[in-house]
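Thanks for coming. I will walk through one protein model this morning, starting with a term and then going from single residues to the whole chain.

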Amino acid sequence: MRIYKVGGAVRDRLLGKPVTDIDWVVVGATTEEMLAKGFRPVGADFPVFLHPKSGEEYALARTERKSGRGYGGFTFHASPEVTLEEDLIRRDLTINAMAEDDQQNLTDPYHGQRDLEARLLRHVSPAFAEDPLRVLRVARFAARYATLGFTVAPETLALMRQLSESGELEALTPERSWKEISRALLEDQPQVFVEVLRACGALKVLMPEVDALFGVPQPPAHHPEIDTGVHTLSVLQQAALHKQPLTVRWACLLHDLGKGLTPEDEWPRHIAHEFKGLKLIKAVNERFKVPRDCQELALLVGEYHTHGHRALELKPSTLLELLQSFDIYRRPQRFEEFIAACEMDARGRKGLEERSYPQADYLRGAATAARSVAVQPLLEKGFKGPELGEEIKRERLKALKAYKEATSV
Ligand code: CTP
């Protein structure tokens, strides 16, 4: 049996990047031999094992044939006769289809090293089409390596377009898609992920609500970049530049979906887009079974981001409603994430990336003022039940009025 390091570990070592996960491929072995050596099988159907000590993944060299639609539609053929080259040819990208033995001798039959140097994401063979998730993977790698100058090879983009148009993407499970989407959003250049998906027609299939934003104009006074799709990508880029967490990045991507619904004769204004967008945000959230914290923040940011921008002009009563909607008393972190998303929205505009956002500190100050109302004295005065609730609100409103007066010049 011969054992090789494969995939991302080889690619990232050659790129001089830190290697975290190592995948191994085993040539010339049977399942029985692996079990006899103490390897633990991973799944019933996959010829993949975990090393008894390191826990790293060891896969028997295999060929894969697609026998139907979706992820279930695979049959595997693993046997000691399958060669390393046969295993590598079914992989997604040439840069992911290199293997290395324990002496760091490279096996690179599909010229991954050449493509690394040429900064090209290129598919290995037509077998690429056997897993439609690869459309998302390539877009994710494009986002990750954009800073290094990588682009998608034209023939690979063409194949991704074919896959997107074939209806295959619809067969992906929400879980697999979300895993790719969330990882891509956390890359340094998440906007490239969206751009690549758009360029191959996958965005229209996966998130038509985002795709619809391209070509929709906004008022140039607030949005020198004009196009809503371009704005959305800039907001996402700002979120990555400012190292925002996934929740904020997801909210940034979806915050303006309502603008895609504005009738053309109302352009470039988008009256009530915040509210109109909510059903679209909900639909995207549900489509990918997005984690609850991301879902919630996206909906709140969608509904209230313009409140954030107008924070300094809001009446104390509106400010209180905003703070109550966020339940800032029990969920302080979520309000901070809302403020961050608003700030990214303000900065994601052409030429305005560096401008200050005084609304952020103003909102924080307002939250502190509202939180400063102590409940204990009200209990001591005998308030309880709904009356107590009303009294707390009245006190908070007083605190916000005082805050607004103290901060206005
Ligand atoms: N692979 C593939 N098609 C997929 C998933 C994986 O061809 N849909 C192959 C690629 O050769 C890939 C390897 O399996 O390099 C390991 O996959 P994975 O661990 O998911 O990705 P990595 O390439 O290691 O990348 P990352 O750094 O994102 O984990």
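A residue is called exposed when its relative accessible area is over 50%, buried when that area is under 20%, and partly exposed in between. Keep in mind throughout that this is a predicted model.

Let me apply the term to K37. Is K37 buried or exposed? Its relative accessible area is 52%, so K37 counts as exposed. You will find K37 in the loop that runs between α2, residues 31-36, and β3, residues 40-41. What does K37 touch, once its neighbours within four places in sequence are left aside? The contacts are with M1 and P52.

Next, two residues with a backbone angle to check. R119 is not a glycine, yet its phi is positive, near 55°. R119 sits in the loop between α4, which covers 112-118, and β10, which covers 120-121. Its relative accessibility is 28%, so R119 is classed as partly exposed.

The other one is K289. Here phi is near 45°, again a positive value in a residue other than glycine.

One more backbone item. Which two residues are joined by a cis peptide bond? They are W267 and P268, with omega at about 0°. P268 belongs to the loop between α12, residues 246-254, and α13, residues 273-276.

Now to helix packing, with two pairs. Take α17, residues 332-347, and α18, residues 358-371. Their axes are 10 Å apart and the packing angle is about 160°. An angle over 145 degrees counts as roughly antiparallel, so that is how α17 runs relative to α18. The crossing of these two helices is right-handed. On the α17 side, the contact is made by P332, F335, E336, F338, I339 and E343. On the α18 side, A360, L363, R364, A367 and R371 take part. Sorted by class, this contact of α17 with α18 holds 7 nonpolar residues, 4 charged ones and no polar ones.

The other pair is α6, residues 154-165, with α8, residues 190-199. These pack at about 70°, with axes 9 Å apart. The range from 65 to 115 degrees counts as roughly perpendicular, so α6 is roughly perpendicular to α8. Which residues meet in this pair? From α6 they are L157, M160 and R161, and from α8 they are V196, R198 and A199. The classes here are 4 nonpolar and 2 charged, with no polar residue.

To finish, the whole protein. There are 20 helices and 11 strands. Along the principal axes, the C-alpha atoms fill a box of roughly 80 × 55 × 40 Å. Of the 409 residues, 52% are buried. The accessible surface is about 19,300 Å², and carbon and sulfur atoms account for 52% of that surface. As for contacts with a separation of 6 or more, 65% come from residues 24 or more positions apart.

That is the end of my walk-through, and I will take questions now.

Conventions. Residues numbered from 1 in each chain as written. Predicted model: local features only at pLDDT ≥ 70, side-chain atom pairs only at ≥ 80, totals over all residues. Heavy atoms only, no water. Axes fitted to C-alpha atoms, helices over the stretch in contact; angles between N-to-C directions. Helix = DSSP H or I, 4+ residues; strand = E, 2+ residues; numbered from the N terminus. Parallel < 35°, antiparallel > 145°, perpendicular 65-115°, else oblique. Left-handed = near helix turned anticlockwise from the far one by under 90°. Contact = heavy atoms within 4.5 Å. Nonpolar A, V, L, I, M, F, W, Y, C, P; charged D, E, K, R; others polar. Buried < 20%, exposed > 50% of the residue type's maximum accessible area, 1.4 Å probe, protein only. Areas by Shrake-Rupley, 256 points an atom, 1.4 Å probe, with all protein chains shown as cover.
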